[in-house]
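Good morning, colleagues. Please take a moment with the sequence and the structure before I go through a few of the details.

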Amino acid sequence: MMAACAKAGGAELAAVQQQYAGKVQSLGAHAAYDCEGQTSFYLDTVTAEHNYWGSSMSGNAPDVKNSGLQKVTVPTVNVNKLLFENTIPGDYAIVKMDIEGAEWDVVPCMAQSPSAKLMDALYVEDRKSVV
């Protein structure tokens with residue numbers, strides 16, 4: 001079984017990858033999306049009490065505005081391809097998706113993909129969008 005984590009996380013993800021060598025693949029400098037390429041999002045640098053949860057792909061999010069619109073660009077990884085290349089039907093695959101407002105860009109494509117059958121559970125962040 002192969003687990004893959006695609007979210008900024010640094011040392012914690014590297015430690016898990018080392019502990020489960022050959023079973024966990026950390027893509028900490030990548031963002032999960034429905035295509036490979038790159039994307040930009042805005043950082044929340046002000047809500048420390050909530051682990052900076054206000055980062056968003058929208059420049060209109062309140063915490064993003066309060067942080068001075070600090071934009072970062074990162075490479076993206078195709079979630080469907082990641083599942084297809086790193087799991088087999090016998091694996092128990094869990095996908096937890098918290099990708100700063102882009103969840104609803106990925107889910108419809110994922111549902112139509114043959115790799116959807118490789119997922120046993122899908123957890124998606126559901127928060128009110130800020131427009």
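Ser67 is buried, its relative accessible area being 7%; buried means under 20%, exposed over 50% and partly exposed in between, with a 1.4 Å probe and protein chains only. This is a predicted model, in which local features need pLDDT of at least 70 and side-chain atom pairs count only at pLDDT 80 or more, while totals for chains, interfaces and linings use all residues. Residues are numbered from 1 along each chain as its sequence is written, and side-chain values use heavy atoms, with hydrogens and water left out.

Where does Ser67 sit? The loop between helix H2 (62–66) and strand E5 (70–78) holds Ser67; helices (H or I, at least four residues) and strands (E, at least two) are DSSP runs, numbered from the N terminus. A polar atom of the Ser67 side chain lies 2.8 Å from the backbone oxygen of Asp63. Beyond its neighbours within four places in sequence, Ser67 is in contact (heavy atoms within 4.5 Å) with Leu43, Asp44, Thr45 and Val46.

Let me turn to helix H4. In H4, residues 103–112, the residues Glu103, Val106, Val107 and Met110 are buried. Viewed down the axis of H4, its buried residues fall within an arc of 105°, so they line one face of the helix; the arc is that of the directions from the helix axis to the C-beta atoms. Strand E3 (31–33), helix H3 (79–86), strand E6 (94–97) and strand E7 (121–124) are what the buried residues of H4 pack against.

Finally, the chain overall: the protein chain has four helices and seven strands, and buried residues make up 36% of its 131 residues.

How values were computed: A polar contact is a pair of N or O atoms within 3.5 Å; within protein, one must be able to donate a hydrogen and the other to accept it, and residues adjacent in sequence count only if both atoms are side-chain atoms.
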